[in-house]
Structures are given as C-alpha cells and as structure tokens.
Amino acid sequence: MNIERHGTTGRYSDIVIHRETVYLVEIPQTLSADITTQTSEVLASIELSLKNSGSDKSRLLQVTLYLPDMADYDAMNAVWDAWVPPGTAPVRACIAASLANPGYRIEAVVVAARLAQ
Amino acid sequence: MNIERHGTTGRYSDIVIHRETVYLVEIPQTLSADITTQTSEVLASIELSLKNSGSDKSRLLQVTLYLPDMADYDAMNAVWDAWVPPGTAPVRACIAASLANPGYRIEAVVVAARLAQ
Amino acid sequence: MNIERHGTTGRYSDIVIHRETVYLVEIPQTLSADITTQTSEVLASIELSLKNSGSDKSRLLQVTLYLPDMADYDAMNAVWDAWVPPGTAPVRACIAASLANPGYRIEAVVVAARLAQ
C-alpha cells in the first residue's frame, strides 16, 4: 500500500501522499474574514499540511487558487508574494469561481513534492 | 514509451496513465437527468475507468468536482459519500462553474494511483 | 534537490518539473486578440515550454482549459484539434470561468511527462 492519507473523513482527506507527490486542498477558517486574513489562513494551513507530509513550502509544484471575487486578486497576491520562499514559486493558476461555502473568499488546490523516502 | 492511453480521440483521451498515476475526466451520460442520477453516472464511469486502469475507487488521490449550480451540492454529496470506500477519501475540491455542455450538472477531474507494475 | 524550475518570479514559475512530471500554466500574449489567435498563442507556449522541459506535445497527460466565454468553445477546439498529434490526446476538461486578466479568453493548466532522465 503506497498511499498515505491524513485527516480522512467519509468525504475527503486533508492530505493524500502518493510516492513523492503530496496533494492538498485548503480552505479558510474564518468565514467572516477579509481576503487578507483568509489568504493568510489558507497559506498557514498549506504550510502546516506540508510539514506534516515530509515536505515544506519551498517544494510546491502546482497551485490552483479559486477566488469568488477577482477584485480580491491584488490583496491575495500581497500575502502570497510575501509567503513564497524566493526562487521556489510553483506554477500557479488563479481562477474566478464561486465555492461550496459562500463565506470562502479563497480555496487552494495544491500539489507538492516531499523528500524521497 | 511509458504513457498509456484509453479511449483516445483527436481531442481527448478517456484515461491517461503515466507510471503509477492515472488521469481521468468524467462527464454524465444522461443530459436531462438530475444531479443524483448524473453524479451516480459520473462515479460509475470513474469506477469503470479505474478498473480498466489497474486501479480502483479506493486509490483516488485528488478529485476536482465542477458543479454549474452549487444548489446541487448536498444531493451530489449524498451520492459521493455513499460511494467512497471508508478510510480512502481523496483530497477534493468542489468548484461552481459552467461546463461545455449546458446539460452537464457535474464534471469530475480525477487523479488516482494504480498498483505498481 | 529533485525539483527543476524555469521562469521563476516571486509569484510563480513558468515550468516546474518533478521527477518525470512537468507542470505548466499558460496564458495568451495578445490581450486584444480573438479566441483563435489566443488559443494558438497558448498552444505555442505549451509547445515551447515542453521542449524546454525535455518533453513535447505528444506527451501531455492532463489539460484543464478555462474559457471565460464558453461561446469560444468551438473556435478553440478547431485550433486544439489541429494541434494535438494523432493518438496522443491527454485527458481534458474545459471549464467556464473568468480569469485574472479580463483580456484572457483562455488559460491552460497542463501536466505532461518528460522522458526519463
């Protein structure tokens, strides 16, 4: 069995790891918060999940960011740009789309690499 | 050549397998059907495609579900939750977005693991 | 260190390669252009990026196309269908969604395979 999962419910897992590839989806914690706070929360969740996966934020491969309101783009980027370690940015797409909970101003789908076991 | 494809047309393949990773996109078959029927169809298609790939539904890694109408979320989840084998749920994002055919109420983009060859 | 990046800024990389998997995101260059021109630009960018990654357009695995206006679907497909080498089409999803720049009529998120090193 070469699939490792963390935070598994009947619907989803928080983290799935297959060989050296880590898959995450992160949502904000504070539904009433603005984009700056929610982006900080999502990035902190990514960072913690990667730490728990034997990876870290310098090993991101592909990130898709969904923003229900593209007017949040610049404020999101200010948090993102300060968070990404220099020289390690992943490929990234930013898509305007509504999300499952109207309180989410951002959702992140992440693929990262962990260190070889 | 280490890429395996099934159902390849000039536009897309139904299944692409690279090393131990399986990529699928599934759409519903009955365009006039409600979300319960269409979700069942999409999940049955995923299950069959995974079987044809040397994988199965307990080996999902990452799933992105697109729903044109997020009002379908709860009914979709009822089918999903009953379908996922306990303890094996993938990371999952659910995004509101219109799709190529207005008759699609759901589309699924799937990454799974097959057993090592 | 087994992650290779090209075109890395403080925000994103143009290309990220991990083991044999290549990740790309491509946007059009001419913001005032129609879907035919923008699709041609995006596909040419994919082709060049894959060449620079030790891959090529016959080794696409998974492509997600975002179109702000699904009325562009047929014209996009005409360019796509002529571009994909016969017998090598990836799995593909086409999603209606607005993008970061209102001048983009298409954005492509690509996963491909490079030849084993």
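Student: Is the crossing of α1(C) and α2(C) left-handed or right-handed?
Tutor: Keep in mind that this is a predicted model. Helix α1 of chain C covers residues 35–51 and helix α2 of chain C covers 73–83; they pack at an angle of about 35°, with axes 8 Å apart. As for the sense of that crossing, it's right-handed.

Student: And how many nonpolar residues does the contact of α1(C) with α2(C) have?
Tutor: Let's look at who takes part. From α1(C) come Ile35(C), Thr36(C), Thr39(C), Ser40(C) and Leu43(C), while α2(C) brings Ala75(C), Met76(C), Val79(C), Trp80(C) and Trp83(C). Sorting them by class gives no charged residues, three polar ones, and a nonpolar count of seven.

Student: Over to chains A and B: which element gives the largest share of the side of chain B that touches chain A?
Tutor: Here 23 residues of chain B are in contact with 21 residues of chain A. On the chain B side, β4 (60–67), α2 (73–83) and β5 (91–96) each give two or more residues. The largest share is six residues, and it comes from β5(B).

Student: Which residue in β5(B) is the bridge partner of Leu99(A)?
Tutor: Strand β6 of chain A, residues 98–99, is joined to β5(B) by two bridges, and the strands run antiparallel. Leu99(A) has its bridge partner in β5(B), namely Ile95(B).

Student: Last one: how many charged residues are on the side of chain B that touches chain A?
Tutor: Take the classes in turn. That side has 15 nonpolar residues and four polar ones, and its charged residues number four.

Key: Residues numbered from 1 in each chain as written. Chains lettered and ligands numbered in written order. Predicted model: local features only at pLDDT ≥ 70, side-chain atom pairs only at ≥ 80, totals over all residues. Axes fitted to C-alpha atoms, helices over the stretch in contact; angles between N-to-C directions. Helix = DSSP H or I, 4+ residues; strand = E, 2+ residues; numbered from the N terminus. Left-handed = near helix turned anticlockwise from the far one by under 90°. Contact = placed C-beta atoms within 7 Å. Nonpolar A, V, L, I, M, F, W, Y, C, P; charged D, E, K, R; others polar. Pairing = 2+ DSSP bridges.
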